[in-house]
Amino acid sequence: MFNTIANKFAKKLLLAAITAAAAGFFPAAHAEDTIKVGVLHSLSGTMAISETTLKDTMLMLIDEQNKKGGLLGKKLEAVVVDPASNWPLFAEKARELLTKDKVAAIFGCWTSVSRKSVLPVIEELNGILFYPVQYEGEESSKNVFYTGAAPNQQAIPAVDYLMNDLGVKRWVLAGTDYVYPRTTNKILEAYLKSKKVAKKDIMINYTPFGHSDWQSIVADIKKFGSTGKKTAVVSTINGDANVPFYKELGNQGVSAESIPVVAFSVGEEELSGIDTKPLVGHLAAWNYFMSVDTTKNSAFIKQWHDFIKNPKRVTNDPMEAHYIGFNMWVKAVEKAGTTDPEAVQKAIIGVEYPNLTGGMAKMLPNHHISKPVLIGEIQDDGQFVTVWQTNKLIDGDAWSDFLPESKPIIADWTAPINCGNYNTKTKKCSGQNY
Amino acid sequence: MNILSLTRFQPVLALLMLAFSLAAHSDPETVSQPWQQALNSLAQGSMAEREQAIMQLADIKDAHNLTILQALLDGKLFTTKTDAKLVIGTDNQQGFTISDAVSGADLGAVEHDALSKINLTNKMRGTLRKIIGELELSADDPKVRLAAVKAMAKEADDRVLTLLRERADKEPDEAVRQAIKVTLLLQDMDSSDKATRIMAIEALKTKNSQEVANRLNTMVEKDENGEFIEPDEDIRNLAKAALININNRLQLYSSIETVFFGLSLGAVLVLSAIGLAITFGVMGVINMAHGELMMLGAYTTYVMQQLMPNHLGISVLLAIPAAFVISALVGIAIERGIIRFLYGRPLETLLATFGVSLILQQSVRSIFSPLNRSVATPEWMSGSWQINDFLSLTWNRFYILVFCLLVFVLLLQILKRTRLGLEVRAVAQNRKMAKAMGIPTARVDAMTFGLGSGIAGVAGVALSQITNVGPNLGQAYIVDSFMVVVFGGVGNLLGTLVAGFSLGIANKFLEPFAGAVLAKILVLVFIILFIQKRPRGLFPQKGRAADS
């Protein structure tokens, strides 16, 4: 017994020594002539399904930049860590990246809760985080750059499309029970009411993560939608739970023609793991579709296929967000001539970089970017056909104008306001930590 | 995608189109000029032009319309990338077999990427269904005619109504005639003649139709100013009476539906718990990797479908024995490799099997990628059994319910009637005595664990048809499985069955009032309280074995 314990102990020591060697000595040799970039995406656990792709995207972008000669005459080096879909671990890993590896910027997070958990660390240590996923808004940090869509760049235009183009009169707001759907639905409900939609014409439904038994909810939706008025479902249902949801819709005979579902979390990557038959015709609102035909997009897709060595892999919206975010950061570092976070934070505001779908994305003073909004219908090959798009780019709005409490608040990180939550009525910065 | 790139080559295209129309002219069948133009803009126009083209095609009655429009609706209409020719293609795994859309001439096989599909939007699909409905109203098959009438009823305008009126007199099939009648009667409700309206309401009151209910509802509702939308009081009262009638039936059917939902949820619970009822219930092993054994079963289904992509139905059926064997083998390996050293130490078993579950998850992630895999549902398992407008049961749930009962009966028979079953029961009741009687207990342990694991694998096949096939599949079901087994009474298979079904039904009756999240919590609280009162579950084991 004692023997085995001693043995195990020795093995642990050896392991520790090896890790220390790998972590400590190896990068030390290069420390002088490289700029480090942190990649904070889950490679295991629930979120691995979505985040692994983003890790690969970052590696590709960094590789590409190095081929172009690096940045400020130095090579870029990716430091990849795995927060394992564990929210507190995100904070720990972020601290490790900033204090131990001394990365110049972090690209990462997917769920809002992981971003919220990283937030205090990144503010305390004054780092930079690029967050590439559509989210609920109501936040603007000095240290975070939101390259995904704010609600006014995804949810509101989608509702406008349903209301004006499809003549939808009754609304089902269905979501998974956590912060993003709750906040988004709160905004949407307020928006619908401002458009004179009666309370009885709005049905709100929340389900737990990974919900798989949709029978009664779909039956309810069917009943709700059978009153003769055109009904649509606005879905903030999270990734995994969507498959059984759409399957049940298909099986109960709810077609996209009778009750269309517009989703904010279903993209090309999610569709590649789904039997798409029951989904054809349903909608999704994004700022990027793989099917958009521009030379920039074709080049990006080709580069991705070459890098990942699999011509069947798809590209999606958060990948484009990282593409834009990374290139904006590169431009800002070149402009500032240093990777010092303070200088880069100043330099990046106003930086422009072309979208893959056309138009120029611009980093705004509220740390959000301008984006086009596209609505697509799902096809049986797992791609989208764009059926509607905004005729100009929409500026990301950190604080929704449709919620009474956040209406007077704006974010502006330029002088003289320099605040993420400035109240235009009281002319004060609330000083809260977000 | 190709639309834009095509417009860039407009001059070339014009030439091609010329060639195309010349070719069409040399065709013995004469094709009208506007029809050809409509076809061209269908193939190469923008989405808006395409929409118009469909309408134009419908107006110019041409014999080819039905084939082309049907192919378009089914997603089988393509243009060739080389010469922008309109073709109908059928997928044959390696590529497409194509035929000319106009002449029907066989053009052989091509690669997948030689064609580009003509994409549709929902609006176009609706229009197409209506147009095809009009064309198929005189088809030979009554089923096709019924579908046609239903599609037309959705967009009933004057033209549709005239067509339906004409058809009503000639229609030989009863069901189709009824469908036409309901559509026409619904229209009569808006008639200016009061007698016609009363007659329509009287006739429709016995129909189980959602549309009728909607129409009647609007008759008794008030508008924003508090005035009745329907000014005539007689009609209003009549509508009220009819509505009560219809709503009663609606309620009845919706409770039948809820019971079915509950049973089918229960069937999933029973399926996932029944393997555990053996390993945990009979052997007393807390196997945290049980969910992962189900996941292996689901992945087996995926692999089977990859092996035989042309026979979806058969591959799912074959996956059942395959999943049983694979999960059983993995189960036996776990038992032989780990669990047998830990008998009598439940805490260590729990930790060790939890470790195994993580290892299994991560290995699946490494082998198949962390992304979910797409498992297709065979034709006979999709859609629903439409009993009437108010009640329809989905086929996949129905089959899983039947499958669950089959597995249960089979398992019961194995335990009751086979030698293995006898030995399993003997070891469960008194291990030492069984050993003294010459039963190889170690081997029986392995076999029992294998049996329980194999059934978990079979449950995985069923789960692959209703939920995601991914590395996390097992985690979602492990807690529910333990819940069902403990609630039903450890060591009692019948208890598991009853517990699964009652939890399922309770959940589904609570869900409409409490919402999905709260319903789950309420059920869990109920079980905790129940276990406080009756620690041995619904059907406690009796006798000496239970006391030890």
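Residues are numbered from 1 along each chain as its sequence is written, and chains are lettered from A in the order in which they are written. Local features need a pLDDT of at least 70 and side-chain atom pairs count only at pLDDT 80 or more, whereas totals for chains, interfaces and linings use all residues.

The pLDDT, the predictor's confidence in each residue on a scale from 0 to 100, averages 87 in chain A, where 91% of the residues score at least 70. Where pLDDT is low, the predicted coordinates should not be read in detail.

Chain B is assigned domain 1 (2-121), domain 2 (137-231) and domain 3 (253-378 + 393-547), with bounds that come from an automatic or database domain assignment. The C-alpha centres of domain 2 and domain 3 of chain B are 49 Å apart.

Between the chains, 48 residues of chain B are in contact with 44 residues of chain A. The largest share of the chain B side, seven residues, is given by α21(B); helices (H or I, at least four residues) and strands (E, at least two) are DSSP runs numbered from the N terminus.

The largest nonpolar core has 207 residues, of which A:V234, A:V262 and B:V270 touch the most other members. Such a core is a set of buried Ala, Val, Leu, Ile, Met, Phe, Trp, Tyr and Cys residues joined through C-beta atoms within 7 Å, and a residue is buried if 20 or more other C-beta atoms, placed from the backbone, lie within 10 Å of its own. Leaving aside neighbours within four places in sequence, the contacts of A:V234 include A:W171, A:L188 and A:V262.

In chain A, the peptide bond from A:A415 to A:P416 is cis, with omega near 5°, and A:P416 lies in the loop between β17 (409-412) and β18 (419-423). A:C109, in the loop between β3 (105-108) and α4 (112-124), has a positive phi near 75°. A:C109 counts as buried because 30 C-beta neighbours lie inside 10 Å. Most residues other than glycine have a negative phi, and most peptide bonds are trans.

Technical notes. Two residues are in contact if their C-beta atoms, placed from the backbone, lie within 7 Å. A residue is buried if 20 or more other C-beta atoms lie within 10 Å of its own, exposed if 12 or fewer, and partly exposed in between; C-beta atoms are placed from the backbone.
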